[in-house]
Amino acid sequence: MTREAAALDAIEIEFDGLTGQDLALSRGDRRLFEHLHFKIEAGGLLVLLGPNGCGKSSLLRALIGLAPLQSGQLSGSRSGSSIEPDALRRATLFQGHASACKGELSAMENLALSARLDDALIDRAPKSVLSDALAVVGLSRQRDIEARRLSQGQRQRLHLARLALALRTQTRPLWLMDEPSAALDDAGTALLLQLLDTHLSRGGAAIVATHLPISTTRGPRTVLNLQDFAPKRHARSVQAEMAESACADGS
Amino acid sequence: MMDPSQAFMWSLRRDLGLALRRPADGLNVLGFFVLACSMFPLAIGPQREWLMRIGAGAIWVAALLAVMMALPRLFEHDHGDGTLDAMVASGQPLAAIVAGKIMAAWLVAGLPLVLITPLLAMAFSLPVDSIPILMAALLLGTPVLMCIGAIASALTLGLKAGPTLVTLLCLPLYVPVLVFGAGAVEAHQSGLQGWAHLALLAAGMLLAGLVAPFVASLALRISVE
């Protein structure tokens, strides 16, 4: 373990906050939201709410650089100075909409691969680390089963194991999660909240897009409803304007 | 953070492991190569001089098409299941990851072609002493094909007409490799040394191996958007 400890100590975490200023995002020629501001600091939780298609996933993808922002400033900071997008990516754990696991590989192999990408595991780490993480999320019996045979919920539990490993090493202080509880049962959701809670209490930050009410006990929690930032409809014709004013008068 | 060599090994090992679980993919390419090559003697007839004359060229064309068959799969699976997003989002050195993927794809789809070539060369009754030249040319040339193809498939990733576009993008760029590859054997058979051709192929391989991972990773960053 000394080699691992040394390797992990060498990883410097460059993050203590993320600020978005006047962000705007479009899909095709439809503007999803604009004039969005947010600020998240170490220990903070930002919950993104809103109906389907309002841009929650797109915002998360834009934050990690998987999609371009139409306008606005995004700056990560570390002790006052801003950090590069690449450094921000290395400080971030991104859990997207897709399962991001390989159906042909076993649960354990999938976990090993993603944990290496997260810097949460050194090369040739002892297998016990992986099986412990799988045991925590209740996948001990499935560890050698091909991921394509796992249910949707079990695959999401595999993500929880990934979070548990990331938590162990604290290499990724910012978690971006897209519907992390979509297919989880009650016990799974409780486990997710517990992991999130621990992460926040250790000074991590998280941005979560969800439909579920997320309640953690610690840290400042901000809720952003993306619908509030949807662009106001521009009247295209006098007729439409008149119809609108008629509606307004009526109400 | 993984350093580039670790990232390279991570993706090389990952893709080789995946190829082992999906042996059909690699065997498919090899099977196509063997079948395509064995069609020529059937179509042309058993005249030895004719077969000798076209042998190297036919093997090269078949190898080129076989490599092209492997290209659509290079990034498509990873794109579909979200693992490509994970790679880009992780902030790990993407070019090294892509280099590992290209290397793995070549080991699975390119190297077997080179190794089985002596058998096919016999079917074309190529002189025994030109077989090593042919193998060397393929050994240096198929990585170039794979590298160029990786750039093309990264550029067209996620497009509906992707595979067609890959073919259209790649074929013109494959011409020099084909000319020098088949030319090496031709030069050897006509009594010249094939070294000049091989040296050019080697230079091409070094250049492609150096440039392709960076260009392909840039293209992937655009394609995932």
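## Where the chains meet

Two residues are taken to be in contact if their C-beta atoms, placed from the backbone, lie within 7 Å. The model is a predicted one. In it, 24 residues of chain A are in contact with 22 residues of chain B.

On the side of chain A that touches chain B, two helices, α3 (85-90) and α4 (107-117), each supply at least two residues. The largest share comes from α4(A), with four residues. Sorted by class, this side of chain A has 12 nonpolar, nine charged and three polar residues.

## Chain A

Chain A has eight helices and nine strands. It is 251 residues in length, and 42% of these count as buried.

Consider the contacts in chain A with a separation of 6 or more: residues 24 or more positions apart account for 74% of them.

## Two helices of chain B

Two packed helices are described by the angle between their axes and the distance between the axes. In chain B, the axes of helix α6 (residues 94-109) and helix α10 (residues 195-223) come within 8 Å and cross at roughly 110°. Angles of 65 to 115 degrees count as roughly perpendicular, and α6(B) and α10(B) are therefore roughly perpendicular to each other. The crossing of α6(B) past α10(B) is right-handed.

Which residues of α6(B) meet α10(B)? They are Leu94(B), Ala95(B), Val98(B), Ala99(B) and Ile102(B). On α10(B), the residues they meet include Phe214(B), Ser217(B) and Leu220(B). By class, the contact between α6(B) and α10(B) has 10 nonpolar residues, one polar residue and no charged ones.

Technical notes. Residues are numbered from 1 along each chain as its sequence is written. Chains are lettered from A and ligands numbered from 1 in the order in which they are written. This is a predicted model: local features need pLDDT of at least 70, side-chain atom pairs count only at pLDDT 80 or more; totals for chains, interfaces and linings use all residues. Ala, Val, Leu, Ile, Met, Phe, Trp, Tyr, Cys and Pro count as nonpolar, Asp, Glu, Lys and Arg as charged, and the others, Gly among them, as polar. A residue is buried if 20 or more other C-beta atoms lie within 10 Å of its own, exposed if 12 or fewer, and partly exposed in between; C-beta atoms are placed from the backbone. Axes are lines fitted to C-alpha atoms, for helices over the stretch in contact, and angles run from 0 to 180 degrees between N-to-C directions. Angles under 35 degrees count as roughly parallel, over 145 as roughly antiparallel, 65 to 115 as roughly perpendicular and the rest as oblique. A crossing is left-handed if the near helix is turned anticlockwise from the far one by less than a right angle, and right-handed if clockwise.
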